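Hi everyone, thanks for coming. Could we have the model up on the screen, please?

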Amino acid sequence: VKIAVCVKHVPEGTTHARIDPQTKRLDRSGEGAINSFDTHAVEEALRIKEAQDGEVVVVSMGPQSAQDSVRKALAMGADSALLITDDAAAGSDLVATTAALSAALEPEGADLILFGQQASDSDGAVLWSAVADRLRRPVISQVAELTVADGKVTGKRQTEFGYDTIEAPLPAVVAVSDAINEPRYPSLKGIMGARSKPQRSVSLSELGVEAGTVGEAGSKTVVQALNDPPPRGDTVKLEDDGSAAEKIVEYLAEKKVL
Amino acid sequence: MPAAVFLEHHDGELLKPALGVLAKAAELDGDVAGVVLGSGVKDVAGKAGAYGAAKVYVADKPELEQPLPQPRVDALAALVQEQGIDTLLFGASVLSADVASGLAARLGAGLNWDLTDLVLEDGQLIGKRPALGDTVYVDVGWNGEPRLALIRAGTFEPKETGGDAPVEEFDVSFEDFSLAATMLEQAHAESEGPSIEDADVIVAGGRGLGSPDNFKLVEELAKALGGAVAATRAVVDAGWYPYATQVGQTGKTVSPKLYVACGISGAIQHKVGMQSSGVIVAINKDPNAPIFDFCDLGVVGDLHEIVPKLTDLVRQRRS
């Protein structure tokens, strides 16, 4: 099986993330890391590959710095990588991202396209379904248990009402939940080996994607304004020095909830 | 504006998040339609008028019997085009998120998600979305039509208007790939344990507990506080704790006076189920855990040491 895993490079830690008030876009100039939800998709792809042979290609879209995230996936064990990077892609919303990503995924001809369950920066949990529609493939989301056999994929997942088991023929698109596995840490050998693995970087024109369909120009949603959140009251944060339990009790007493 | 709301249903009942969105849409524009998709759903469709729908569009097809997203994308795409619907709203759920997203790709339309309010400003529809761990509230809009939006579950309360709405059927032709996925089995969640929905105090455990056995720590603290035990989706999926105790997007929404989160990172799925709690206390060893962005008291430390001590202190105080 050939598996394409989509990963996103996100600003590290939500505490430092900020939206640029000028462009109204997420500031991606700082340190970034692979979206942790996507490491579960990488892990699942590697497990399928190890169990039944195959190939895992990592696909990402982002600034040049997204190479860091791509390399992390390669260090975990993916075989090759494809990064869509183009200044004109900045500010892409769901439909614009879908247009570019689908154009990159289509020629890969993967049997299975995997996504993590959400992006930690945008809280988006929707991309797989849009990509599946664009590529005209079946989709299963929120999968907590995945089986690939006999040209079919079977996913168990949880919904508001219980547990579903859904089957679809390959090629298919699957989004996995973070409950599906425990992602491995890259080994030293994996990290060293990642550098020599095939890594391609493509622009929108190389993908044959018209500039008007991607980036801000191709986006159908717009950020109008940024506002401060309604006050929730201050967060008191403390590090345990052995007296945390006492401090929690004091706090609860003060708030009259004890 | 011909606006419509996707009305998800289960076991013959329209879902509360969808009816809440319907109430809001009706408040913004009296002439809002409901859309009910399924097989043998004319009865359930007839209930929408009582919650504010001026009209109900229904596609009643065997292909729509299972709650799978892609046949619903075909149906809604046909409806939007036939009726010139310019705004289509969804109450967020596992199913509706996939439907809305697939539809956005199909129609080349804008989708805004996780909205916690909808307002009209100078006749323009604006969505409000908390972002970056609720550190910023973003006003979002749309370029072109139709405008698609997913509204966070629990945002709007349904309103019974006691009205009556005509039901209008429409036809759908399905794409081959839309019918490729099939539901093999649907297992309903196990029977309800003690309810966490009415508890004044909830102590919740997440993956940071390290093992199912450590739920004992959470149970002991809950007992000392006179509260109920809750769990995150991750540990429920891992089989550590029963589904009936799950708080979050695919579980229950709770708002106790006190919520103590032990070893919970605060993923958005969990957050949406508990963020309206009175006082939120979080204990987590990872100082960067998102939960520290929306708790009242955040303690960075080892819950295995802190929680038993806390349980003892609470017991002493209450005895």
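I'll talk about confidence first, then a sheet, and then the interface.

Please keep in mind that this is a predicted model. The predictor gives the complex an ipTM of 0.89 and a pTM of 0.83. For chain B, the mean pLDDT is 92, with 97% of its residues at 70 or more.

Now to the sheet. Here 6 strands form an open, parallel sheet, and the order is β13(A)-β18(B)-β17(B)-β16(B)-β14(B)-β15(B).

Let me zoom in on β16 and β17 of chain B, which pair in the parallel sense over 5 bridges. B:Ala261, for instance, has B:Ala282 in β17(B) as its bridge partner. Lying across β16, β17 and β18 of chain B is helix α8, residues 303-318 of that chain, and this helix runs at about 135° to β17(B).

On to the interface. In total, 94 residues of chain B contact 83 residues of chain A. The area buried between the two chains is about 7,400 Å², and carbon and sulfur atoms give 56% of that.

How many salt bridges cross between chain B and chain A? The rule finds 4. A:Asp133 forms a salt bridge with B:Arg106, with the closest N and O atoms 2.7 Å apart. On the chain B side, helix α4, residues 94-107, gives the most, with 8 residues touching chain A.

Thanks, and I'm happy to take questions!

Technical notes: Residues numbered from 1 in each chain as written. Chains lettered and ligands numbered in written order. Predicted model: local features only at pLDDT ≥ 70, side-chain atom pairs only at ≥ 80, totals over all residues. Heavy atoms only, no water. pLDDT = per-residue confidence, 0-100. Pairing = 2+ DSSP bridges. Helix = DSSP H or I, 4+ residues; strand = E, 2+ residues; numbered from the N terminus. Contact = heavy atoms within 4.5 Å. Axes fitted to C-alpha atoms, helices over the stretch in contact; angles between N-to-C directions. Buried area = accessible area lost by both parts, 1.4 Å probe. Salt bridge = Lys/Arg side-chain N within 4 Å of Asp/Glu carboxyl O.
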